[in-house]
Amino acid sequence: MSAEEPLYIATCQNCNQRMKVPGKAIGRSYKCVKCGEHLTLDQQNLVPFTENTATEEKEAPTEVIGQLLLTENIITNEQLKEGLSHQQAQGGRLFETLIQLGHLDKNNLHSFLSKQAGVATIELSRMRVDTDIVKIIPKEMALDSLVLPIDKLG
């Protein structure tokens, strides 16, 4: 995407996933990165990308993940205390500890994270990755950075 080209935020009508797209996307069909649904981008589902929308997207909750999971009733206070105690003794990330203890499963975590500002989840089982897309990133770089290109916008 060139620096002069306008950017937009597109919202999937199916799952409400927000995605940054180039200005030349208007009138084209794209696949939602979360649900795989095809959407035609027009003025009704695009919002101009500005510094304000960028700030809104990047604003992270000031609460730690444990408190957020508790607030959303995904875990109990007792489970959080046990997870924090185990994490302090063993190290690691709290969400990984909660999964190990059986208080949280990966699907609930992914669903929870996808609702947070600026975080997207992708259902890879719904994606069909073109072999030409995979070749965009050299194999060594993909392995070193743990990345896999799945689609190309614009």
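User: Which residues make up the largest nonpolar core?

Analyst: In soluble globular proteins, nonpolar side chains tend to be buried together. A nonpolar core here is a set of buried Ala, Val, Leu, Ile, Met, Phe, Trp, Tyr and Cys residues joined through side-chain atoms within 4.5 Å. Buried means under 20% relative accessible area, exposed over 50%, partly exposed in between, with a 1.4 Å probe and protein chains only. In this predicted model, the largest core has twelve residues: Tyr8, Ala10, Cys12, Met19, Val21, Ala25, Tyr30, Cys32, Cys35, Leu39, Leu41 and Leu46. Strands E1 (7-11) and E2 (18-22) are the elements that give two or more residues to this core. Helices (H or I, at least four residues) and strands (E, at least two) are DSSP runs, numbered from the N terminus. A second, separate core has ten residues, including Leu68, Leu70, Leu98 and Phe112.

User: What ground rules apply to these values?

Analyst: Residues are numbered from 1 along each chain as its sequence is written, and side-chain values use heavy atoms, without hydrogens or water. The model is predicted: local features need pLDDT of at least 70, side-chain atom pairs count only at pLDDT 80 or more, and totals for chains, interfaces and linings use all residues.

User: What is the mean pLDDT of the protein?

Analyst: pLDDT is the predictor's confidence in each residue, from 0 to 100. The mean is 79, and 84% of the residues reach 70 or more. Over residues 54-62 it is below 50; beyond near neighbours in sequence, that stretch has eight contacts in the model. Contact means heavy atoms within 4.5 Å.

User: In what order do the three strands of the open sheet lie?

Analyst: Strands of a sheet pair through backbone hydrogen bonds, either parallel or antiparallel. Two strands count as paired if DSSP finds at least two bridges between them. Here the order is E2-E1-E5, with antiparallel pairing. E2 and E5 (46-48) are the edge strands, each pairing on one side only. Ignoring direction, neighbouring strands are turned by 35° against each other on average. The angle is taken between axes, lines fitted to C-alpha atoms (for helices over the stretch in contact), and angles run from 0 to 180 degrees between N-to-C directions.

User: How many bridges join E1 to E2, and how many join E1 to E5?

Analyst: E1 and E2 pair over five bridges. Thr11 stands opposite Arg18, and Ile9 has Lys20 as its bridge partner. The two strands form a hairpin with six residues between them, and Asn16 in the turn has a positive phi of about 65°. Three bridges join E1 to E5, with Ala10 partnered by Leu46. Beyond four places in sequence, Leu46 touches Tyr8, Ile9, Ala10, Val21, Ile26 and Leu41.

User: Why does Lys20 count as partly exposed?

Analyst: Lys20 counts as partly exposed because its relative accessibility is 43%. Beyond four places in sequence, Lys20 contacts Leu7, Tyr8, Ile9, Phe49 and Leu153. Lys20 and Leu153 are 133 residues apart in sequence, yet 9.3 Å apart in space, C-alpha to C-alpha.

User: Which residues of helix H5 are buried?

Analyst: An α-helix has 3.6 residues a turn, so residues three or four places apart point the same way. In H5 (residues 106-114), Leu109, Phe112 and Ser114 are buried. The buried residues of H5 pack against helices H2 (65-71) and H4 (94-100).
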